[in-house]
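Please keep the sequence and the structure in view while reading.

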Amino acid sequence: VSQRLEIVARAHDALAPTYDAKLAENPVATWMRAQLWAHYARAFGLSRARTSGVRLLDIAAGTGADALHLAEAGAEVVAIDVSPGMIAELQRRAAVRNVRLEARVMAAEALGNAPLGQFDGALSAFAGLNTIDDLQRLSRDLARLLKPGGRVVLHALNSFCLWETVNGLLHGKAPRPRQEYTPIGGELLPHRFLDGSTVWREMFASEFACREVYGLSVIVAPTWVRRAPRLAPLALRLDRLAGRMFPRAGDFFVLDLQKCAR
Ligand SMILES: C[S@@+](CC[C@H](N)C(=O)[O-])C[C@H]1O[C@@H](n2cnc3c(N)ncnc32)[C@H](O)[C@@H]1O
């Protein structure tokens with residue numbers, strides 16, 4: 001394991017006990033999670049009567065919000081994360097909820113050597129992708145791990161955020177690239193901010209078709225929702241629209257890929 005990954009693991013070990021509570025306090029994060037769950041249901045066919053045969057891989061699964069939800073919906077889930085603290089938290093929650101899934105302490109960078117079998121789909125949510133070193137390698141590994149036609153849903157921090165830029169301008173700050181270092185669990189973690197379409201074109205296009213890319217949290221910031229909760233439902237509906245019109249302007253993007261059938 002590289003020194004960089006050790007820092008990523010250490011930071012998230014420290015974050016693990018409070019991660020769920022912190023996310024629950026953020027109304028935009030909660031909304032994004034609901035958007036993702038609806039997207040998974042569509043992409044992985046989970047709304048159909050027969051979900052039990054669907055095998056999914058959750059990369060950088062954290063405390064397992066998605067992995068546990070998908071397992072409860074009937075999918076067979078393998079969850080990996082580089083942080084032992086996060087995986088321990090995931091397993092604790094799985095036991096409490098009586099959910100069966102396979103959880104492993106493993107970096108995304110190690111997927112190439114892992115005998116995990118074949119998957120119908122893969123996902124990675126809430127910025128795990130921003131601290132994965134080599135996305136081209138991830139693309140090759142996913143192409144090997146996925147069945148033809150298999151879907152990959154990625155949710156990661158975007159390189160430009162409209163509301164953040166406008167907020168900055170209102171406070172007299174000139175637009176600048178987003179911080180490359182994010183404080184997590186007492187560490188300053190290097191995050192690579194990404195652009196969904198570019199990630200597809202430069203990293204995934206040889207093995208995957210792009211089904212959809214859109215932004216989330218384009219015009220709505222968490223502080224605004226807290227200040228005007230009554231306007232939030234309408235604002236978030238508009239945000240969905242803005243995200244589709246301006247896929248490169250959200251705090252996060254969602255990228256939905258499909259492995260080419262060969
Ligand atoms: C902010 S959490 C998100 C967790 C979860 N996916 C969610 O939606 O709540 C990011 C997670 O990515 C994991 N992670 C970051 N880089 C990773 C890597 N290169 N390989 C595996 N896990 C990684 C961290 O340990 C952390 O648990």
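The model is predicted. Strand β5 spans residues 146-157 and takes part in two strand pairings, one parallel with β4 and one antiparallel with β9. Elsewhere, helices α3 and α4 pack against each other at an angle of about 30°.

**Strand β5 and its partners**

- Nine of the 12 residues of strand β5 are buried, and the strand is thus described as mostly covered.
- Strand β4, residues 119-124, pairs with β5 in the parallel sense, and five bridges join the two strands.
- Within this pairing, A122 has V152 of β5 as its bridge partner.
- Helix α5, residues 135-145, forms a β-α-β unit together with β4 and β5, and this unit is right-handed.
- Strand β9, residues 252-259, also pairs with β5, here in the antiparallel sense and over seven bridges.

- Helix α3 covers residues 65-72 and helix α4 covers residues 84-97; their axes lie 10 Å apart.
- The angle between α3 and α4 is about 30°, and angles under 35 degrees count as roughly parallel; the two helices are therefore roughly parallel to each other.
- The crossing of these two helices, α3 and α4, is right-handed.
- On the α3 side, the residues that meet α4 are A65, L68, H69 and E72.
- On the α4 side, their counterparts are L90, R93, A94 and R97.

**Residue S197**

- S197 belongs to helix α7, which comprises residues 196-204.
- The relative accessibility of S197 is 17%, and buried means under 20%; S197 therefore counts as buried.
- Leaving aside residues up to four places away in sequence, S197 touches V213 and R248.

**Residue A75**

- A75 is located in the loop between helix α3 and strand β2, the latter being residues 76-81.
- With a relative accessible area of 7%, A75 falls under the 20% cut-off and is therefore buried.
- A75 and P175 are 100 residues apart along the chain, and their C-alpha atoms are separated by 43 Å.

Note on methods. Residues are numbered from 1 along each chain as its sequence is written. This is a predicted model: local features need pLDDT of at least 70, side-chain atom pairs count only at pLDDT 80 or more; totals for chains, interfaces and linings use all residues. Side-chain values use heavy atoms; hydrogens and water are left out. Buried means under 20% relative accessible area, exposed over 50%, partly exposed in between (1.4 Å probe, protein chains only). Helices (H or I, at least four residues) and strands (E, at least two) are DSSP runs, numbered from the N terminus. Two strands pair if DSSP finds at least two bridges between them. A crossover is right-handed if, with the strands pointing away from the viewer, the path from the first strand over the helix to the second runs clockwise. Axes are lines fitted to C-alpha atoms, for helices over the stretch in contact, and angles run from 0 to 180 degrees between N-to-C directions. Angles under 35 degrees count as roughly parallel, over 145 as roughly antiparallel, 65 to 115 as roughly perpendicular and the rest as oblique. A crossing is left-handed if the near helix is turned anticlockwise from the far one by less than a right angle, and right-handed if clockwise. Contact means heavy atoms within 4.5 Å.
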